[in-house]
Amino acid sequence: MDKSNQSTVTEFILFGFSDFNEHQKFLFVTFLIMYILTLLGNIVIITLIVRDPRLHTPMYYLLRCLSVIDICFTSTTIPKLLFDLLREVKTISFVGCFTQMFFFHSIGNMDSFLLALMAYDRYVAICRPLHYTLVMSKKLCFLLISGSYVIVCLHSLLYTLWTSRFTYCGSKKINHFFCDIPPIFNLSCSDLTSFTFTQLIEGGTMLCVPFLCIAVSYARIVSSIMKMSTAVAKHKAFSTCSSHIAVVTLFYGSTVAIYVRPASARSLDSDRFISVMYIVVTPMLNPFIYSLRNKEVKGALKKVFYR
């Protein structure tokens, strides 16, 4: 393939779901409905937490932040996808591509950090209940969230700037519906040895550290629950964690399927459909999971309907 300097690249072509040309309108309506449900569901959760004084606790402060992040996360990709489903040529500018990549990875990683903070919150509430208000103060929550956002932004900026400096050659067609690292990686003809090593070490750390925090928190939680004397106490303690466990399973299940699989087992075609799970489906389901499995949220929701 003839090499062309990356500075000459002005745009990329997003393949999207072009192999389903006859179903473009159906896909547009489906993704539009899912996007609207995601916005409405998370806005309802945010509104309930802001308006109900009973939900002004660290747990629901973190949940409100998660809802805001979910709205931003889907909004980095779905509006562009909806626009592309209505036109023949699905292009994205060079700057637009890497801007989307930066926000997608910074917000996506922030999602995993928030899930880790929520797991730690549940650990303190169940294992150290007498110290909960002292440990999980609003100031600490704000500092943890702010620090996490600085870390994920630096992480995302590293990969965005690095990949934008690749030399691209041959086809400029991205086999995905948004700009992500794996499909961009396949278009480059640069020496990617150092990038691959950095991605393995630094990127793996960014994914594993929040997951390990969640795993350790729940190991301690399970140990504490098993020591409780009555079945009622065990059920009450577990019920406060069930919603979070369901969300963690959905998020990490689909994320690991894309970013942790070995290269030999990867398929960009399958990645497109797995991406739909954690970009669209998981943020859409999160508000329903928390509202259906959380008595306090259901109580606040009923209170609004009664009014």
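Reply:

**The second largest pocket and its surroundings**

The second largest pocket comes out at about 560 Å³. Keep in mind that this is a predicted model. The lining of that pocket is made up of 20 residues, and the ones nearest its centre are Lys236, Ser239, Thr240, Asn294 and Glu296. Helix H9 gives the largest share of the lining, 8 residues. At least two residues each come from H2, H4, H9 and helix H11, which spans 295-306. Sorted by class, the second largest pocket has 6 nonpolar, 7 polar and 7 charged lining residues.

Rolling a probe the size of a water molecule over the atoms shows where empty space is left. Here that gives 2 cavities of 30 Å³ or more.

The largest cavity has a volume of about 90 Å³. Around the largest cavity you'll find Met59, Tyr60, Leu63, Met118, Asp121, Arg122, Thr240, Ser243, His244 and Tyr290. Helix H2 (58-75), H4 and helix H9 (231-259) are the elements that give two or more residues to this lining. By class, the lining of the largest cavity splits into 5 nonpolar, 3 polar and 2 charged residues.

The second largest cavity has a volume of about 40 Å³. Its lining consists of Asp70, Phe73, Asp111, Leu115, Val247, Phe251, Tyr278, Thr282, Pro283 and Asn286. H2, H4 and H9 turn up again, each with at least two residues, and so does helix H10 (268-292). H10 supplies the largest share of this lining, with 4 residues. The class count for the second largest cavity is 6 nonpolar, 2 polar and 2 charged.

Two of those lining residues lead us into the packing.

Leaving aside residues up to four places away in sequence, Leu114 touches Leu62, Cys65, Leu66, Ile69 and Ile145.

Phe94 and Phe195 bring us to the rings, as both sit in one aromatic cluster with Phe12, Phe98, Tyr159, Trp162, Phe166, Tyr168 and Phe185. The structure holds 20 aromatic pairs. Phe12 and Tyr168 form an edge-to-face pair, with 5.5 Å centre to centre and 80 degrees between the planes. Phe12 lies in strand S2 (residues 11-14) and Tyr168 in strand S4 (residues 168-169), so the pair ties together parts that are 156 residues apart in sequence. Phe12 and Tyr168 are both buried. Tyr168 has another partner in Phe166: that pair is tilted, at 6.3 Å centre to centre and 55 degrees between the planes. Phe166 is buried as well.

Asp84, found in helix H3 (residues 78-84), is a charged residue and yet buried, with a relative accessible area of 3%. Because buried means under 20% relative accessible area, Asp84 at 3% qualifies. Not counting residues up to four places away in sequence, Asp84 touches Leu14 and Lys90.

Val50 is found in helix H1 (residues 24-51). Val50 is nonpolar but partly exposed, with a relative accessible area of 43%. With the sequence neighbours up to four places away set aside, Val50 touches His56 and Arg64. Val50 and Arg64 are 14 residues apart in sequence, and their C-alpha atoms are 8.4 Å apart in space.

Notes:
Residues numbered from 1 in each chain as written. Predicted model: local features only at pLDDT ≥ 70, side-chain atom pairs only at ≥ 80, totals over all residues. Heavy atoms only, no water. Contact = heavy atoms within 4.5 Å. 1 Å grid on protein atoms, 1.4 Å probe; cavity = no way out; pocket = protein on both sides within 12 Å on 5 of 7 lines; lining within 4 Å. Points joined across faces, edges and corners; volume = space filled by probe spheres on them. Phe/Tyr/Trp six-rings, centres within 6.5 Å; stacked < 30°, edge-to-face > 60°. Buried < 20%, exposed > 50% of the residue type's maximum accessible area, 1.4 Å probe, protein only.
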